[in-house]
Amino acid sequence: MDALQTLENVLQSLVAGLLIGSMYGLMCVGLTIIFGVMRVINFAQGEFMMLGMYFTYFCFAWLGAEVYFDGLWFPFVLAVLAGPAVFLLGLILHKALINAVTGRRASRLEAQGHYAQLVLTLGIALVLQNGGLFLFGSNPVSVSNELSYSAWEWGPMVGDRVSVFVNQAQTISAIIALVVVLGFGLIMVKTRLGKSLRAAADNPDAATYMGIDVDRAHRIAFGFGIGITAIGGGLLASNVSFQPYIGTEYVIIMYAGVVLGGLGSIRGAFLGGLSIGILQQVSAIVLPNQLQGTVIFVCFLAVILFRPQGFFGRRDRTA
Amino acid sequence: MNAFGNLSGVKRDFLHIGIFGLVYLVLALVVSNSYYQLIMTIVPIWAVMGLSWNLLSGYSGLISFGHAAFFGLGAYLVALCSVVWDLNPWITIVLATLAGAGAGLLVGIPTFRLRGHYFALAMLAYPLALLYVFEWLGYQEVALPMHREAPLTYMQFENPVYYIVIALVLLMLALGITSVLSHSRFGMSLLAIKLDEDAAEAAGINSLYWKLAAITISGAIAGAAGGFYAVVLLVVTPLAVFGMLVSAQALIFAMFGGVGTLWGPVLGAFILVPLSEILYARYAADFPGIQGVIYGVAIIAVILFAPEGVLWKLRAMRKPGTFRMLGSTASKADFGVSEELLVVPPMHDGKPVLEVAGLAKAFGGLQATSDLSFSVREGELLGIIGPNGAGKTTLFNLLNGFLRPDSGDIVFHGQSLQRQRPNRRCAAGMARTFQVPKPFTHLSVLDNVVIGAYVHTRSKVEASRHASAAIHLVGLHDHLDLPAANLTNKELRLMELARALASKPTLILVDEILAGLDPQAMQDMLVVLRRVRRLGITIIIIEHSMQAMVQLVNRFIVLDHGALLAEGSPDSIVRNPAVIEAYLGRQWRQEEAGDE
């Protein structure tokens with residue numbers, strides 16, 4: 001009986017981890033694009049995820065009531081729409097702020113502009129977080145509908161004793177996450193835009209000589225990066241409750257995933273995020289709730305100290 | 001003389017610190033509003049945090065997002081000791097200081113394996129992991145027990161001025177420590193590491209040692225600040241002491257005021273803390289989070305308009321056109337120009353200075369050097385030539401310890417150098433210059449060279465003397481005070497040579513020192529190299545210009561695809577058919593033929 005119970009718990013955690021991990025993976029991909037192309041550690045990534053969540057939340061609340069969209073699919077559509085909205089914000093922010101300390105300008109700054117970039121994005125994070133407190137209030141909210149509470153039952157297996165429940169909202173979110181990641185991967189590999197982004201990432205100077213507008217490439221990469229993470233946030237909004245400070249918690253999850261996968265690698269980031277999701281859910285079986293965060297940090301530290309190039313990506317030159 | 005260098009600079013700082021303390025004390029006595037008194041207590045605490053951050057990150061360039069770890073440990077230590085054992089804060093703040101130092105050392109040992117982005121990210125994780133641990137342990141809110149009966153023992157004064165005085169004393173201590181350290185070898189070494197860690201290692205600076213010293217002292221200061229913070233606020237919560245905002249504030253105050261300066265973090269805290277506190281008090285009801293927005297906007301503005309902080313900006317405005325140059329430990333008063341200082345007494349033991357046996361190094365599939373063996377005699381000037389990609393610079397990196405060989409051994413003066421870090425090799429007498437010069441751009445020529453001279457001496461006077469002798473030898477004595485960033489290519493190369501010489505080497509590895517020089521400059525350089533050799537220093541030189549090399553060296557080693565192609569006198573090498581084929585090319589042969 002006990003063994004079967006354990007089996008059920010483990011299977012349940014694995015499934016939940018896989019689904020939530022897909023959303024983490026999507027958010028990690030957003031973060032890693034920014035690092036991969038711009039070599040910038042974006043501290044405010046968690047806040048853009050938060051914006052994606054609130055975008056979904058407010059559109060859901062307003063449009064749902066005013067125009068009466070009550071389709072069960074509606075929050076998921078909004079989550080995807082958070083992408084373009086935050087993408088536009090990204091273009092503006094890059095032009096107004098980020099561009100001053102990144103790209104080819106950075107080489108003139110102390111420590112290749114690392115100071116300036118980290119601190120600038122930290123400033124943006126603080127403004128968004130605390131501005132969010134003013135605009136959105138501090139009460140936790142969530143975007144939930146019936147799907148958030150519905151599950152498909154998988155089983156019963158092993159003589160009717162073991163059943164795994166697969167949450168429907170999480171499943172849809174995970175599928176959307178996967179589609180977005182694959183779609184973005186195709187853009188990077190197949191299109192001219194993707195090529196120019198990769199060229200700008202590889203060697204900004206050489207790319208400039210080849211007629212690529214590196215500033216523009218960076219701007220687009222920044223927009224893509226935070227837009228994709230915002231979609232992840234929008235999807236997650238159907239599964240967790242949130243407040244404006246949620247970003248800090250998740251930025252670590254994102255960095256853990258990205259570092260696990262190897263900084264700058266898209267495939268690695270997705271797999272890394274997936275692993276973090278699974279680790280988080282499975283660790284919940286044996287550890288008290290409060291220590292789940294610690295598990296992720298310890299895992300993150302272990303990876304960064306002993307295998308800074310990650311597990312899934314190519315070796316990064318800055319390692 | 002001791003390691004604490006320039007007393008005049010420290011004395012001047014101490015005078016300023018004293019004046020500052022007096023003014024603040026008078027102000028504290030004048031103010032009677034208890035809210036302002038609280039702010040006047042909090043501000044110095046945050047200034048101390050800014051100084052703590054600055055001591056590590058401002059001087060070493062490694063950005064810490066984790067200073068909340070030390071602050072929080074200090075705060076919890078004071079709070080818990082007070083609850084559990086009823087210990088008084090006078091004792092526990094000292095313990096908190098020690099705990100901060102210990103935590104700094106513990107964090108530093110593994111984390112200094114990382115550089116740049118990775119270091120910053122790793123530091124972020126420590127306080128946040130601790131935050132969850134303390135929540136899990138059930139310390140969501142620890143209140144210090146009241147001890148109205150013994151206010152002095154338990155630091156629970158009726159009169160808030162006493163708190164301000166203690167905060168001020170802490171701040172003055174932190175300022176004093178920063179001043180003394182920044183004027184010593186400590187500050188110079190950390191600056192060198194910040195500007196170019198590889199060059200610093202090659203110049204004999206044990207970068208791990210100095211970084212560990214910095215994080216230990218920095219952690220101690222942050223621990224003390226956290227401990228006193230707990231005493232002032234009487235309640236400790238994980239978020240308030242381990243939270244992201246604590247680390248962020250430490251960084252923001254230092255960045256805002258001026259990175260790597262004594263007064264910058266103080267300035268930052270004294271402007272931003274009162275501003276945010278007062279606005280918070282006024283508008284918190286309508287605009288919660290206004291503090292965070294102010295901090296955020298403040299650092300965004302600083303990054304965009306004064307990226308190195310307000311203090312540097314003010315200095316630049318006062319003296320327009322001045323280059324940002326960092327502090328100095330050297331003083332010209334200590335000059336005695338004497339080449340004898342640099343002379344290497346001959347050993348005459350007949351043993352080779354350097355023996356390389358079976359050295360191999362591969363990068364992935366590329367065999368950069370393979371089974372390379374040669375030896376260098378005392379006083380020899382050995383030239384290494386070979387086509388691009390032959391493994392010449394890799395060989396130097398293996399010799400001076402930037403790279404670890406896959407196999408083989410390097411024996412220097414009869415001692416194997418296996419696993420010795422570059423700074424140890426420099427101390428053992430092996431110095432080098434770089435193919436692409438690695439100057440410490442924000443330091444003067446003199447300071448650049450003094451850094452090399454600290455390898456063998458702790459005394460500033462002696463270091464300055466060695467440095468000046470080296471600078472004279474290479475002929476840069478007219479440029480002592482010039483920032484290295486303003487030097488020409490030739491001067492940079494001479495300065496690197498001087499930096500190498502100042503470490504009193506017996507062997508110098510010279511990497512393409514003639515590259516990019518015009519014929520006249522090349523001749524000047526050859527004169528300097530011969531002068532260096534007359535000191536008894538053995539030289540290995542990588543060079544492409546065959547013309548120059550033939551004039552200079554005793555013996556050649558020719559590398560091709562990482563292997564030894566030929567070895568011999570200049571005469572034999574230029575006539576060796578294999579060398580001509582691999583490196584010199586047919587043209588050389590034709591020119592030779594034409595000459596004859």
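Colleague: Is S142(A) buried, partly exposed or exposed?
Modeller: This is a predicted model. S142(A) sits in the loop between α4 (114-136) and α5 (146-149) of chain A. It has 14 other C-beta atoms within 10 Å. A buried residue needs 20 or more, and an exposed one has 12 or fewer. S142(A) is therefore partly exposed.

Colleague: Which residues does S142(A) touch, not counting those up to four places away in sequence?
Modeller: Start with N239(A), which is 97 residues from S142(A) in sequence. In space, the two are 7.6 Å apart, C-alpha to C-alpha. Contacts are counted at C-beta atoms within 7 Å. On that count S142(A) touches A237(A), V240(A), S241(A) and F242(A).

Colleague: How far apart are the end C-alpha atoms of helix α3 of chain A?
Modeller: The helix covers residues 74-96, which is 23 residues. At 1.5 Å a residue it should span 33 Å. The model agrees with that expectation, because the end C-alpha atoms are apart by 33 Å.

Colleague: Which residues of α3(A) are buried?
Modeller: The test is 20 or more other C-beta atoms within 10 Å. In α3(A), these residues pass: P75(A), F76(A), L78(A), A79(A), A82(A), G83(A), V86(A), G90(A), L93(A) and H94(A).

Colleague: What radius of gyration does chain A have?
Modeller: Chain A has 12 helices and two strands. From the N terminus on, its elements run α-α-α-α-α-β-β-α-α-α-α-α-α-α. Its C-alpha trace spans about 65 × 50 × 35 Å along the principal axes. With 319 residues, a compact globule would have a radius of gyration near 20 Å, and chain A agrees, at 20 Å.

Colleague: What share of the contacts in chain A between residues at least 6 apart in sequence joins residues at least 24 apart?
Modeller: Burial first: of the 319 residues of chain A, 54% count as buried. Now the contacts between residues at least 6 apart in sequence. Those joining residues at least 24 apart make up 77%.

Colleague: Which residues is A225(B) in contact with, leaving aside its neighbours within four places in sequence?
Modeller: With the sequence neighbours left out, its contacts are I45(B), V48(B), M49(B), S52(B), F71(B), G74(B) and L170(B).

Colleague: Which helix gives the most to the side of chain B that touches chain A?
Modeller: The contact takes 37 residues from chain B and 41 residues from chain A. On the chain B side, α5 (116-136), α12 (244-257) and α14 (290-305) each supply at least two residues. That side divides into 28 nonpolar, six polar and three charged residues. With 14 residues, the helix that gives the most is α5(B).

Colleague: What is the phi of D371(B)?
Modeller: D371(B) is found in strand β4 (residues 366-376) of chain B. It is partly exposed, with 14 other C-beta atoms within 10 Å. D371(B) is not a glycine, yet its phi is positive, at about 45°.

Colleague: And what is the phi of H413(B)?
Modeller: H413(B) lies in the loop between β6 (407-412) and β7 (415-416) of chain B. With 18 other C-beta atoms within 10 Å, H413(B) is partly exposed. H413(B) is not a glycine either, and its positive phi is about 50°.

Note on methods
Residues are numbered from 1 along each chain as its sequence is written. Chains are lettered from A and ligands numbered from 1 in the order in which they are written. This is a predicted model: local features need pLDDT of at least 70, side-chain atom pairs count only at pLDDT 80 or more; totals for chains, interfaces and linings use all residues. Helices (H or I, at least four residues) and strands (E, at least two) are DSSP runs, numbered from the N terminus. The expected span of a helix is 1.5 Å times one less than its number of residues. Two residues are in contact if their C-beta atoms, placed from the backbone, lie within 7 Å. Ala, Val, Leu, Ile, Met, Phe, Trp, Tyr, Cys and Pro count as nonpolar, Asp, Glu, Lys and Arg as charged, and the others, Gly among them, as polar. The radius of gyration is taken over C-alpha atoms; the globule rule is 2.2 Å times the number of residues to the power 0.38.
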